[in-house]
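Subject: Structure handover and notes

Hello,

I am passing on the structure we spoke about, and below it you will find my notes on what was found. Please read them with the model open beside you.

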Amino acid sequence: MFRGFRPTSLRVQNVESLSHNTKRLRFEYPDQTWTSGLQLTYQRGFLDLVVKKYPHGKVSSHLHTLQPGDSLYFLGPLPGGYRWSAATANEHSRVYLIAGGSGITPTYQLARGILEDNPNANTKVQVVFGANTAQDLVLKKELDILQQRFADRLQMHYLVSEAGPSTGEADNKDVSYGARVNTSRLRQFFGARREGDEKVFVCGPPGMEKALVGGRTCGRGILEELGFQKDQVHVF
């Protein structure tokens, strides 16, 4: 579908509310047999975008106003960046995916690619998903289904910073409340021993990424403290 860096207009087919501030927008292609042509996308005939609305976000606010029948222009794909392929999976014994908030959307897509593109690979995957509230755990249903399908290869860790379930909210037994993505949690999940073929992908708010990766102004990040080398970590 997306070939060459030129604008393409797509029509909104369906809008689904996933939480109080997140929607899934489905855009249909002119031909139902088409795919996007982008890596790690599998649907034929449509493209899904999961969009979180921010209070002062002009783009996210506009996207949340779209209704079935409306159109939106897409421009891409952008060149460069990290490229994952089916062959890449066998290069890593373990892949750790750390997501914060809406960063789970590309993380979920990557997890599917690692597991589905090469179902016979031995690569183990752990996903750490941090959110403010249980309501913010968007795509949890899809992630739980993925874990059931690949129970021997995929582990999920849900961390919610609020102290407990909100009033009227079901108590998710697999969610850790009053928890954050920090050194002790990641050491608990990942263990203390590092292997050279492990890979870490990080996607989340700038503050979380800075804490995990570090930098000139803040020193070592959590991942370096846990023994990961810079070439083992990719932020997207």
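Predicted model: local features only at pLDDT ≥ 70, side-chain atom pairs only at ≥ 80, totals over all residues.

Residues are numbered from 1 along each chain as its sequence is written, and side-chain values use heavy atoms, with hydrogens and water left out.

Which residue is the salt-bridge partner of aspartate 174? The partner is lysine 140, and the closest N and O atoms of the pair are 2.9 Å apart, where a salt bridge is a side-chain nitrogen of Lys or Arg within 4 Å of a carboxyl oxygen of Asp or Glu. Aspartate 174 lies in the loop between strand E7 (154–160) and strand E8 (175–177), whereas lysine 140 lies in helix H4 (residues 140–149), so the pair ties together parts that are 34 residues apart in sequence. Helices (H or I, at least four residues) and strands (E, at least two) are DSSP runs, numbered from the N terminus. Lysine 140, for its part, is buried, with a relative accessible area of 13%.

By this rule the count comes to 11 salt bridges. One of them joins arginine 11 to glutamate 28, with the closest N and O atoms 2.2 Å apart; since arginine 11 lies in strand E1 (residues 6–17) and glutamate 28 in strand E2, the pair ties together parts that are 17 residues apart in sequence. Arginine 11 is partly exposed at a relative accessible area of 37%, while glutamate 28 is buried at 17%. Another salt bridge links arginine 194 with glutamate 198, the closest N and O atoms being 2.9 Å apart, and both of these residues are buried.

Next, the domains. The protein chain is divided into domain 1 (8–74) and domain 2 (86–235), with bounds that come from an automatic or database domain assignment, and the C-alpha centres of the two domains lie 25 Å apart. How many residues of each domain are in contact with the other? There are 13 residues of domain 1 in contact with 13 residues of domain 2, contact meaning heavy atoms within 4.5 Å. Domain 1 and domain 2 bury about 1000 Å² between them, 54% of it on carbon and sulfur atoms; buried area is the accessible area (1.4 Å probe) that two parts lose on being put together, summed over both.

Across the interface of domain 1 and domain 2 the rule finds one salt bridge. Strand E2 (22–28) and strand E3 (46–52) each supply at least two residues of the side of domain 1 that touches domain 2.

Arginine 24 forms a salt bridge with glutamate 142, with the closest N and O atoms 2.8 Å apart. Glutamate 142 is placed in helix H4 and is buried, with a relative accessible area of 19%. Leaving aside residues up to four places away in sequence, glutamate 142 touches Arg24 and Tyr108.

Two further residues deserve a look. Leucine 139 is found in the loop between strand E6 (124–131) and H4, is buried with a relative accessible area of 7%, and has a phi near 70°, a positive value in a residue other than glycine. As background, most residues other than glycine have a negative phi.

Isoleucine 98 lies in strand E5 (residues 94–100) and, at 0% relative accessibility, counts as buried. Its contacts, not counting residues up to four places away in sequence, include Val128, Val181, Leu186, Phe190 and Met208. The C-alpha atoms of isoleucine 98 and valine 181 are separated by 8.5 Å, although the two residues are 83 residues apart along the chain.

Best wishes

Notes:
Buried < 20%, exposed > 50% of the residue type's maximum accessible area, 1.4 Å probe, protein only.
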